[in-house]
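Have it open while you read.

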Amino acid sequence: MLLCFIEYPIWMNISQLKYRDLRNLLDQGQLTCVDIVTYYLSQIEAHNSKLNAFLEVYAEEALEKAVLVDQKLQSGTAGELAGLVIGIKDLLCYENHRSYAGSKILDTFKSTFSATAVQRLLDQDAIVIGRQNCDEFGMGSTNENSAYGPVLNFKNTAHVAGGSSGGSAVAVQANMCHISLGTDTGGSIRMPAAFCGVAGLKPTYGRVSRWGLIAYASSFDTIGPMARQVDDLALVLKYISGADGQDSTVVSPNEFKKKKPTSGKRIAYIKEMAEHPSLQLDIKKAFFERLEQMKLKGYEVVGVDFPFVEALLPTYYVLTTAEASSNLSRFDGVKFGHRTEVPTKDLLDMYKKTRDEAFGEEVKRRIMLGTFVLSADYYDAYYTKAQKVRRLIKEFTQSLLQEYDFLVSPTTSSTAYRLGEKTLDPLQMYLGDLFTVQANVAGLPAISIPMGVDAQSLPMGFQIMADVFQEEAILNLATELV
Ligand code: GLN
């Protein structure tokens with residue numbers, strides 16, 4: 001098979017093509033799904049042992065499915081995503097496959113059903129090539145909180161991939177799959193996408209069913225695609241969107257179109273963010289250069305005030321830890337996954353030992369923080385207050401998005417950290433989420449697209465946020481900018 005790559009250089013470009021172009025080649029018989037899967041497996045073989053992006057590779061299964069889909073292509077019965085090779089974050093369930101959530105506590109867990117988003121891609125003959133590394137339960141910004149080791153950035157392996165969907169980002173970055181499905185609770189799709197120089201879309205909360213997503217913070221969690229091409233993000237979004245009866249927060253596609261179309265030319269950026277002291281100078285420069293280019297193209301670009309910048313991270317971390325402490329209480333050694341082998345006195349002792357030995361440090365920190373803010377004496381001071389501030393942030397952000405079509409910012413305040421650079425100081429680590437959490441606190445869609453590289457050749461990201469269900473507008477603008 002490798003010889004074929006040498007004879008037909010176009011095959012070397014499999015990962016660079018949009019799925020639509022790949023599909024033309026498949027339909028014309030110039031390429032087969034087996035070729036595509038073989039190509040991605042060869043990339044995994046070449047890079048994964050170092051990068052640690054995939055925790056498990058379904059090589060045989062993917063090849064078997066490729067043979068079947070090739071037959072369907074020949075008989076004209078193939079689905080709309082035939083031969084689209086996807087990788088899925090370890091937080092998403094896939095029937096009869098393991099999902100560990102990057103945690104030791106689920107290290108014997110096999111799912112009996114597939115997440116709706118995964119199933120909908122499978123229904124269109126996409127091929128799942130493997131399970132991707134991530135921060136434990138999605139809690140992290142660098143992928144260093146995985147119980148299965150960090151993911152390294154393919155651009156420079158001394159640097160982190162970003163998190164929590166680090167494996168998903170690097171898998172696309174290193175051409176190990178065409179699309180990844182990641183999750184984003186506070187930036188986990190956009191941040192690693194920015195650190196790795198790929199594109200990632202966090203949909204509106206309520207657009208994609210969370211059924212089969214192992215919950216971190218249920219009122220923030222979203223599932224979305226990561227890819228090289230914005231076009232492919234749009235394609236995948238189309239299939240994974242919409243209600244499924246399993247997640248009552250998802251609305252029907254008719255709702256997506258309700259907002260009347262606008263000029264799409266009014267862009268705002270939040271001055272306090274663009275001038276934030278934590279912002280790396282190369283990023284600031286590239287960001288303002290991009291704004292200038294947009295002005296030349298006829299966009300109206302305005303700096304606006306946002307009075308809640310300082311409240312974004314506290315609100316996010318109070319509410320997500322509260323939800324996490326409740327969501328993670330189900331992992332007790334009885335119902336799912338790991339159970340301690342150490343002799344225990346009674347049931348309570350078994351719970352404690354299991355949780356103590358199988359949750360990582362960051363997850364424990366968040367469970368304790370969340371339990372504290374929900375405790376009777378502090379509930380109003382922290383949890384209730386954060387809910388109120390969440391409402392204010394959401395309303396203010398949406399009022400800006402009545403006046404402007406998009407809110408833009410750098411995706412992250414710096415490029416990928418060196419491995420270990422932030423691990424000793426959780427607050428420094430949380431500060432890295434400053435630009436991404438707003439979209440989750442407000443439930444809005446946002447994308448990260450590449451914005452060149454800094455002086456160390458590390459990728460930078462440009463973020464575009466819009467009002468609820470305005471993904472199409474975001475994707476159109478993104479296509480114009482990349
Ligand atoms: N870095 C953020 C956190 O640790 C975001 C995580 C996410 O989006 N899953 O909570």
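## Lys89

Lys89 is buried, with 0% relative accessible area (buried is under 20%, exposed over 50%, partly exposed in between, using a 1.4 Å probe and protein chains only). Lys89 sits in strand β2, residues 85-89 (strands are DSSP runs of E, at least two residues, and helices are runs of H or I, at least four, numbered from the N terminus). Leaving aside residues up to four places away in sequence, Lys89 touches several others, including Ser164, Thr183 and Ser188 (contact means heavy atoms within 4.5 Å).

This is a predicted model, where local features need pLDDT of at least 70, side-chain atom pairs count only at pLDDT 80 or more, and totals for chains, interfaces and linings use all residues. Residues are numbered from 1 along each chain as its sequence is written, and side-chain values use heavy atoms, leaving out hydrogens and water.

## The annotated site

An unreviewed UniProt entry puts "active site" at Lys89, Ser164 and Ser188; positions follow the numbering used here, feature names are shortened, and annotations may be inferred rather than shown by experiment. They span 100 residues in sequence, but no two of their C-alpha atoms are more than 10.9 Å apart, so they gather at one spot.

Ser188 lies in the loop between β4 (179-184) and α7 (190-196), and is buried at 6% relative accessibility.

## Cysteines

How many disulfides are there? The count is zero, a disulfide being a pair of cysteine sulfur atoms within 2.5 Å. For Cys93, the nearest cysteine sulfur is that of Cys134, 12 Å away. Cys93 is buried too, at 5% relative accessible area.
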